[in-house]
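Subject: Structure handover

Hi,

Here is the model I promised to pass on. Have a look at it first, and then read my notes below.

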Amino acid sequence: MPNQNTKPRSNCLIVIFGASGDLTKRKLIPALYSLWDTNQLPANFAILGIARTAYSDEKYRDELYEFSEGSYDKAKWGEFSKHLYYHAGDSTAEADWGDIKGYMCDLAKKHDLGDNRIFYLSVGPQFFEPIITNIGKAELVTEGRRFCSLSDDVPWQRIVVEKPFGSDPASAVKLNQTLAAVFDEESIYRIDHYLGKELVQNLLVVRFANSLFEPLWNREYIDHVQITATETVGVEGRGAYYDSPAGGAMRDMIQSHLLQVLSFMAMEPPVAFEADDIRTEKNKIFKALRIPKYDDVPQIAVRGQYGQGQIGGEPVIGYRDEKGVDEESQTDTFAALQLYIDTWRWGGVPFYLRSGKAMAEKKTEIVIYFKPTPHCLFKEQTKKLKANQIIINVHPNEGIRLRFEGKVPGLGMNIKDVVMDFDYIKQWQVKPSDGYAILLNDVLRGDQMLFKHRDEIEISWNAVQPVLDYWKDNPQDDLPNYNAGTWGPSAADIMMARDNRYWHNY
Ligand SMILES: NC(=O)C1=CN([C@@H]2O[C@H](COP(=O)(O)OP(=O)(O)OC[C@H]3O[C@@H](n4cnc5c(N)ncnc54)[C@H](OP(=O)(O)O)[C@@H]3O)[C@@H](O)[C@H]2O)C=CC1
Ligand SMILES: O=C1O[C@H](COP(=O)(O)O)[C@@H](O)[C@H](O)[C@H]1O
């Protein structure tokens with residue numbers, strides 16, 4: 001993996017809370033291993049996993065190795081895992097912090113790490129605040145140095161906070177306050193793994209390293225934008241979380257990942273390619289998002305929930321039959337939302353966001369639909385002409401496709417749409433990263449560019465809250481309203497048809 005971040009990294013202890021969980025095993029440890037394998041970790045480092053399940057260091061290392069099902073080279077894993085430790089404890093209980101702190105200090109001495117620490121909150125959101133508070137009480141954030149976290153001479157402590165970041169505007173503000181009581185904003189890394197995806201970052205390069213696209217990137221030429229993240233998987237054993245008041249597609253995907261993608265798609269050119277400048281421009285987009293009116297919700301938002309169906313020829317149970325899900329659940333496993341950004345550039349251009357589980361295909365894409373030409377020379381073909389499109393395939397088939405009209409070979413002037421194709425894997429001969437290695441590399445080097453600022457989180461909740469309120473107040477009696485393995489409820493197509501548009505499904 002190329003190193004795109006050239007800031008120096010210093011020796012440090014990486015502490016993962018929730019070390020026995022899915023995210024740690026599936027994403028964090030593989031990302032740290034790949035950084036180590038490509039010499040991107042500091043000369044001295046140790047990783048300390050903390051959770052309540054009892055493991056010895058050896059057992060923990062073996063468990064992670066087995067979990068990887070052969071993804072790690074055995075000899076290399078042996079070397080890497082010498083840096084990997086485990087401590088069984090309840091990090092939400094103040095009483096356990098004497099031991100936790102002692103263990104951290106011993107490891108720091110053993111590996112000569114000084115006081116540099118990264119705390120990674122890979123636990124359920126209900127545990128974020130108690131753990132942050134306990135870190136503060138244990139005096140693990142160096143007093144008087146909170147505002148010097150980027151200096152090489154002074155120890156630093158950084159915290160990585162997973163999603164969901166709150167479940168509404170008030171809880172997001174409260175979490176930000178708890179964080180601010182212990183860490184300065186420069187030390188807080190609110191992670192969104194979509195910003196670590198190659199094709200999402202590529203948006204900035206496409207827009208700001210080329211003169212070809214940016215002149216068209218506005219209301220004069222763009223008719224509308226669609227941002228889609230659909231999955232074939234259902235809730236996969238996360239029924240209890242997904243069906244809680246903090247769950248559902250609007251919160252789980254749209255409020256977080258898709259709004260972040262939208263901000264990269266829509267922001268103004270930053271003054272410089274620096275974290276502060278990028279975050280300033282993103283923040284302006286969040287400020288300019290038109291807050292939907294409560295009474296308009298049925299026109300601008302669609303809620304869906306999957307019933308039983310088939311995916312890839314296999315039968316799939318309905319959402320309400322999943323473990324941990326209420327049999328009369330109103331949770332949205334599909335959500336679609338029309339938004340406007342009230343700025344000079346985007347006035348009148350609708351942005352359609354949608355996400356769903358148990359759908360026909362796993363795909364994440366941004367599709368930009370252009371307006372028709374001001375005058376049509378090919379009169380008899382007018383009805384057949386398709387809108388020009390830029391399709392950014394974030395996953396799968398990573399790449400960028402430009403769809404435009406071309407002449408069909410032969411006699412006469414027949415016109416058909418054709419595609420110009422930048423295929424990421426063919427071009428670079430590498431598989432794109434899932435985002436975690438890129439983002440962890442940034443945390444190690446103190447680069448916040450791809451992390452969410454306090455302000456944008458608080459504002460972005462406001463854009464979806466009226467929809468969540470409306471849905472809570474108005475149960476929908478047609479749920480489940482789409483079969484697993486389809487493109488979601490017909491109401492989503494009707495919402496588009498009302499605007500004379502259709503979803504980009506194939
Ligand atoms: N899994 C994923 O792909 C993604 C997850 N996330 C987010 O990451 C976070 C973790 O998710 P995930 O790994 O899936 O969750 P899991 O339920 O798989 O793991 C949760 C972890 O928290 C630990 N834990 C629970 N209670 C305590 C406690 N009181 N003290 C210390 N540790 C505790 C559990 O260990 P034990 O029981 O041993 O204490 C376990 O290690 C969540 O916030 C989730 O939203 C975000 C994006 C993707
Ligand atoms: O954060 C989350 O993302 C995943 C989808 O991530 P992707 O990288 O596979 O597109 C989603 O399944 C999960 O519900 C959500 O919490």
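In which loop does P164 lie? P164 sits in the loop between β5 and α6. I start there because the peptide bond from K163 to P164 is cis, with omega near 0 degrees, whereas most peptide bonds are trans. Before you read on, please keep in mind that this is a predicted model.

K163 also turns up at a ligand. Ligand 2 is surrounded by K163, H193, A229, E231, D252 and T364. Sorted by class, that shell comes to one nonpolar, two polar and three charged residues.

Ligand 1 has 21 residues around it, and G18, G21, L23, R52 and T53 come nearest. In that shell I get eight nonpolar, eight polar and five charged residues.

Two other backbone spots

There is another cis peptide bond, from L479 to P480, with omega near -5 degrees. P480 belongs to the loop between α14 (454–473) and β18 (482–483).

Then there is E69, which is not a glycine but has a positive phi of about 50 degrees. Most residues other than glycine have a negative phi. You will find E69 in the loop between α2 (57–67) and α3 (74–80).

Domains

The domain assignment of the protein chain gives domain 1 as 12–162 and domain 2 as 195–498. Their C-alpha centres are 33 Å apart. Where they touch, 15 residues of domain 1 are in contact with ten residues of domain 2. On the domain 1 side, the elements giving two or more residues are α1 (22–37) and β5 (157–161). The largest share of that side comes from α1, with six residues. By class, the domain 1 side splits into nine nonpolar, four polar and two charged residues.

Helix packing

α1 and α13: the axes of α1 and helix α13 (residues 436–445) come within 9 Å and cross at roughly 70 degrees. That angle makes α1 roughly perpendicular to α13. The crossing of α1 past α13 is right-handed. From α1, the contact uses K27, L28, A31, L32, S34 and L35, and from α13 it uses Y436, A437, L440 and N441. The residues of this contact of α1 with α13 are seven nonpolar, two polar and one charged.

α5 and α6: helix α5 (residues 128–137) packs on helix α6 (residues 169–180) at an angle of about 15 degrees, and their axes are 9 Å apart. An angle under 35 degrees counts as roughly parallel, and α5 and α6 are therefore roughly parallel to each other. α5 goes past α6 in a left-handed crossing. F128, E129, I132 and T133 of α5 meet L175, T178 and L179 of α6. This contact of α5 with α6 divides into four nonpolar, two polar and one charged residue. If you are looking for α6 in the model, recall that the loop holding P164 runs between β5 and α6.

α7 and α9: the axes of helix α7 (residues 198–208) and helix α9 (residues 249–266) come within 9 Å, crossing at roughly 20 degrees. With that angle, α7 is roughly parallel to α9. α7 passes α9 in a left-handed crossing. The residues making the contact are V200, L203 and L204 of α7, together with V261, F264 and M265 of α9. What classes do the residues of the contact of α7 with α9 divide into? They are six nonpolar, with no polar and no charged residues.

If you only have a few minutes, I would open the model at these places:

- the cis peptide bond from K163 to P164, with K163 also in the shell around ligand 2
- the cis peptide bond from L479 to P480
- E69 with its positive phi
- α1, which gives six residues to the side of domain 1 that touches domain 2 and also packs against α13

Let me know what you make of it.

Cheers

Technical notes
Residues are numbered from 1 along each chain as its sequence is written. Chains are lettered from A and ligands numbered from 1 in the order in which they are written. This is a predicted model: local features need pLDDT of at least 70, side-chain atom pairs count only at pLDDT 80 or more; totals for chains, interfaces and linings use all residues. A residue is near a molecule or strand if its C-beta atom, placed from the backbone, lies within 6 Å of it. Ala, Val, Leu, Ile, Met, Phe, Trp, Tyr, Cys and Pro count as nonpolar, Asp, Glu, Lys and Arg as charged, and the others, Gly among them, as polar. Axes are lines fitted to C-alpha atoms, for helices over the stretch in contact, and angles run from 0 to 180 degrees between N-to-C directions. Helices (H or I, at least four residues) and strands (E, at least two) are DSSP runs, numbered from the N terminus. Angles under 35 degrees count as roughly parallel, over 145 as roughly antiparallel, 65 to 115 as roughly perpendicular and the rest as oblique. A crossing is left-handed if the near helix is turned anticlockwise from the far one by less than a right angle, and right-handed if clockwise. Two residues are in contact if their C-beta atoms, placed from the backbone, lie within 7 Å. Domain bounds come from an automatic or database domain assignment.
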